[in-house]
Amino acid sequence: MSIKVTWYGHSAMGLEIDHTKILVDPYFTGNPAASTSADKVAAEFILVTHGHFDHVGDAAAIAKRTEATVISNFEIAEWMDKQGVKKTHGQHIGGAHGWPFGELKLTPAMHGSGLPDGTNGGNPAGFLLTTKDGKKIYIVGDTGLFSDMKLIGQQGIDLAFVPIGDNYTMGPDDAYTAVELIMPKHVIPVHYNTWELIAQDAEKWAARVRKLGVQVHVMKPGESLII
Ligand code: NI
Ligand code: MN
């Protein structure tokens, strides 16, 4: 079973697993790197890592239009309810739940999670997704480096999404160390070049990381690949 991955710029990505369409952190409106828009993109499930505007993004609007289920931590799921999203599901860090696309677990992230209107968005998270045929995707989320990434990596990660932008998240050096800890088969750098403040040379980073024997995919916004 193949997985189609589309990067929409920043931390927004699409995953198509066994014909199920999943959007992660769908920030399109106001995102200078966005390659699609909230009124066009398809979704059956929307995963939100944390409450910041550049991750919650258009999640509520897309969910209302598509009737997608929004999955996030408990606090953000409740907030989505209040935005009028019909199908929401709260999990929390360490907790896994079975979905039509596989098993989804929330993982720790060192970051903030305040929602755009000031509501407490709980603790920020990453996602560990295990497909029904056992492929593992680790969406690290907005975070600094932490050594438990190694424990997650020990499970055997096929694909990891790692922020490299610096300032708000890991920069290139810590992201390199994160890849060393996780040792995924494939890695896609995210959360960079959206704004000048997080501008990075992803190709330079990729060249270093490839020496670890990891396949690095530097994607252009809107580009897809099949893993
Ligand atoms: Ni953030
Ligand atoms: Mn962010």
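Predicted model: local features only at pLDDT ≥ 70, side-chain atom pairs only at ≥ 80, totals over all residues.
## The metal site

The manganese ion (ligand 2) is held by four residues, with Asp54 (OD), His55 (NE2), Asp142 (OD) and His191 (NE2) coordinating at 2.1 to 2.3 Å. Along the chain these donors follow the spacing D-H-x86-D-x48-H.

## Helix 5 and its surroundings

Helix 5 spans residues 172-182, and its buried residues are Pro172, Ala175, Tyr176, Ala178, Val179 and Ile182. Viewed down the axis of helix 5, these buried residues fall within an arc of 160°, and they therefore line one face of the helix. As a general point, an α-helix has 3.6 residues a turn, so residues three or four places apart point the same way.

The partners of this face come from several elements: the buried residues of helix 5 pack against strand 10, helix 4, strand 11 (159-163), strand 12 (186-190) and helix 6 (202-210). Just after helix 5, the backbone at Met183 adopts a positive phi of about 45°.

## Salt bridges

Side chains of opposite charge can pair when their charged atoms come close. Three salt bridges are found when the whole structure is searched. In one of them, the side chains of Glu67 and Lys86 meet at 3.7 Å, N to O. This pair links distant parts of the chain, with Glu67 in the loop between helix 2 (59-66) and strand 5 (69-73), and Lys86 in the loop between helix 3 (74-82) and strand 6 (88-91), 19 residues apart. Glu67 counts as partly exposed because its relative accessibility is 46%, while Lys86, at 73% relative accessibility, counts as exposed.

Another salt bridge joins the side chains of Lys185 and Asp158 at 2.9 Å, N to O. Here too the pair links distant parts of the chain: Lys185 lies in the loop between helix 5 and strand 12, and Asp158 in the loop between helix 4 and strand 11, 27 residues apart. With a relative accessibility of 11%, Asp158 counts as buried. A further salt bridge is formed by the side chains of Asp173 and Arg208, again given as 2.9 Å, N to O. Because Asp173 lies in helix 5 and Arg208 in helix 6, this pair ties together parts that are 35 residues apart in sequence. Arg208 is partly exposed, with a relative accessible area of 35%.

## Lys136, a buried charge without a salt bridge

Lys136 is located in strand 10 (residues 136-139). The residue is buried yet has no salt bridge, and the nearest side chain of opposite charge, that of Glu103, is 5.8 Å away. A salt bridge requires a side-chain nitrogen of Lys or Arg within 4 Å of a carboxyl oxygen of Asp or Glu, so the separation matters to this reading.

The side chain of Lys136 does make a polar contact of 3.1 Å with the side chain of Thr130. Apart from neighbours within four places in sequence, Lys136 is in contact with Leu128, Leu129, Thr130, Gln155, Gly156, Ile157, Asp158 and Leu159. Asp158, included among those contacts, is also the salt-bridge partner of Lys185.

## Two further buried residues

Leu104 is found in strand 8 (residues 102-108) and is buried, with a relative accessible area of 0%. When residues up to four places away in sequence are not counted, Leu104 touches Leu47, Ile71, Gln91, Gly95, Ala96, His97, Trp99, Phe127, Leu128 and Leu129. Leu104 and Ile137, which are 33 residues apart in sequence, are 9.6 Å apart in space, C-alpha to C-alpha.

Thr20 is placed in strand 3 (residues 20-24) and is likewise buried, its relative accessible area being 8%. Leaving aside neighbours within four places in sequence, Thr20 is in contact with Leu15, Glu44, Phe45 and Phe101. The C-alpha atoms of Thr20 and His52 are separated by 26 Å, the two residues being 32 residues apart along the chain.

How values were computed: Residues numbered from 1 in each chain as written. Chains lettered and ligands numbered in written order. Heavy atoms only, no water. Helix = DSSP H or I, 4+ residues; strand = E, 2+ residues; numbered from the N terminus. Buried < 20%, exposed > 50% of the residue type's maximum accessible area, 1.4 Å probe, protein only. Lys, Arg positive; Asp, Glu negative; His and termini not counted. Polar contact = N/O pair within 3.5 Å; in protein donor to acceptor, adjacent residues only side chain to side chain. Contact = heavy atoms within 4.5 Å. Donors = N, O, S within 2.8 Å, 3.2 Å for Na, K, Ca; no water. Arc of directions from axis to C-beta.
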